[in-house]
Structure formats: structure tokens, C-alpha cells
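Here is a short report for a reader new to this structure. Take a look at the model first, then read on.

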Amino acid sequence: MRKPIIAGNWKMNNTIAATKALVTDLIPLVKGAKSEVVICTPYTDLATAAELVKGTNIHLGAENVHWAESGAFTGEISADMLVELGVEYVIIGHSERRQYFGETDETVNKRVKAALAKGLKPIICVGETLEQREKNRVKSVLKKQTIGAFQDVTEEDLANIVIAYEPVWAIGTGKTATAQDANDTIKIIRNQIAKLYNRKAANKLRIQYGGSMKPANAAELMAMKEIDGGLIGGASLKAADFAKIVKYYEA
Ligand code: PGA
């Protein structure tokens, strides 16, 4: 049995003041949830969020991490810095990083290994663009991204990794992959993991869907066999909406 994991990706939203308000609202709403609850916040909000979620069922995540331990990397943040703040998860390879900040399969892999080495749990994002989907390249794109991200990652490490399948055309667009489509595509990723490791390991790995997931479609998506959770952008910025997704099984 894979425990469902619902993670909010706040992206570049929320000041410290907004973080205080949102997390304070969220805590009672997600209390007792059957799914694991994660909020991934901007670096500047992490310390505030860490303090607020102490003793609750909300886990804390960051949105990126650099691969070096320290050094001349202006503007970057290391795994040690995150760990010291009480961060547990870290999103790696989000399509916005790939699209706007030159993230490649190789840098994704470097970040994944650095995160794991310090005990952070990577949420590794993969997904195809609309153009790739239209050219029937979904399978080859996901294969390449998955092989790239998992280079030199051991089977033991898989217990601390979550994959987020996010079709790029569904992110922030209001367009969701159909539940069946999302399920079938996640199956492709799981089969790829089985090829890289083995079937048992693949069956244990949690794979989320992401892309315009909201209260209205969460239950349908989560009912699919292969979908183990969601990575939620827009709808994670409103406590009531995010809580409804976390408690999708009550719908
Ligand atoms: P969205 O974003 O829910 O706003 O589509 C998801 C994501 O980019 O992680």
C-alpha cells in the first residue's frame, strides 16, 4: 500500500505575513488527514512555516536545492541550509525550472543526489510539453527524463523519493489530463522504474499527478490505481481548496 501524498507547490507566492495566515488556516483543516500533507514554500518562508507546522501533520518542503555543499554559487541554496531549517522534502526539476532556468536531466540528477545525501526527500518532476504530446513522444520523453534523474540513485534511495508526473500543458492552464490518461502515463513511468530497478521497487514508489488539480477533480484522479497523490500549484494557495484536495476521500 502506497500512502497518498498531497504536496502544495507555492511557487513564487506568499510573503512571510501571507505564510503565517495561510498555514494558520490550513493546520486545523488538514488535521487527521489520511494522506501525507506537504507544503513546499519559497526559501524566505521556510523558517516561518517550519515554526508553525511543528507538532502538526504538515511536512515542509522547499522548491529547489543546489548540488554543491557550499561555495561561489550566488543565489543558490544548499541541502545543509534546508535541513537546518527543518525541511524534509524538496521539489527538483519542476518544468518551470527546466523551461526558464536551464534545468536539464543532468542538473536534476545532481540535485537529487545531493538532496538524498543529506537526508532530504526529492519530489522529482517529469512531464511532456504539448508539442511532445502531439508528436507522440510522451513515452520517449518520460523515459529520458526518468533515466536521467535516477542515474546512480540506489534502490534503497527509492523509499525517500516521490515522482510528480506533470504534463506541462496542464500546469496553471486549467486543463487537466483525464484521469485515465494520467493513470496510463504514470504507468509508463512506473514501468520505466521497474526496468531500472525491479517490479517490487517500482510498485512501492509513490507517483503523483500534477497540473490543474483542484477540489473538483481530485477524487477522480486519486481513485486511479497508479496515482498516489498530487503536486498542487494554484489550488495550494487557498487553505480551504488545498484541504479539500488533501481530504479528497471525503468528497
Ligand atoms: P497547477 O501547478 O496546479 O497550478 O497547475 C502544478 C505545478 O506546477 O506543480
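## A salt-bridge network

In this predicted model, E226 and R190 form a salt bridge, with their closest N and O atoms 2.5 Å apart. The pair links distant parts of the chain. E226 sits in the loop between α10 (215-222) and β8 (229-232), while R190 belongs to helix α8. They are 36 residues apart. Both E226 and R190 are buried.

The bridge is part of a network. Salt bridges with shared partners join R2, R190, E226 and D228.

The structure holds 17 salt bridges. One of them pairs D105 with K144, the closest N and O atoms being 3.0 Å apart. D105 lies in helix α5 (residues 105-117) and K144 in helix α7 (residues 138-149), 39 residues apart. D105 counts as buried because its relative accessibility is 15%, under the 20% cut-off. K144 is exposed, at 57%.

D181 also forms a salt bridge, with R133, at 3.4 Å between the closest N and O atoms. This pair links helix α8 (residues 179-196) to helix α6 (residues 130-134), across 48 residues. D181 is partly exposed at 30% relative accessible area. R133 is partly exposed too, at 21%.

## Around the ligand

The ligand is surrounded by 13 residues. The closest are K11, H94, E166, G172 and S212. By class, the shell has four nonpolar, seven polar and two charged residues.

An N or O atom in the H94 side chain is 2.7 Å from a ligand oxygen. A polar backbone atom of G172 is also 2.7 Å from an oxygen atom of the ligand. Alone, the ligand exposes 290 Å², and the protein buries 95% of that.

Technical notes:
Residues are numbered from 1 along each chain as its sequence is written. This is a predicted model: local features need pLDDT of at least 70, side-chain atom pairs count only at pLDDT 80 or more; totals for chains, interfaces and linings use all residues. Side-chain values use heavy atoms; hydrogens and water are left out. A residue is near a molecule or strand if one of its heavy atoms lies within 4 Å of it. A polar contact is a pair of N or O atoms within 3.5 Å; within protein, one must be able to donate a hydrogen and the other to accept it, and residues adjacent in sequence count only if both atoms are side-chain atoms. Accessible areas come from the Shrake-Rupley method with a 1.4 Å probe; for residues, only the protein chains shown count as cover. Ala, Val, Leu, Ile, Met, Phe, Trp, Tyr, Cys and Pro count as nonpolar, Asp, Glu, Lys and Arg as charged, and the others, Gly among them, as polar. A salt bridge is a side-chain nitrogen of Lys or Arg within 4 Å of a carboxyl oxygen of Asp or Glu. Helices (H or I, at least four residues) and strands (E, at least two) are DSSP runs, numbered from the N terminus. Buried means under 20% relative accessible area, exposed over 50%, partly exposed in between (1.4 Å probe, protein chains only).
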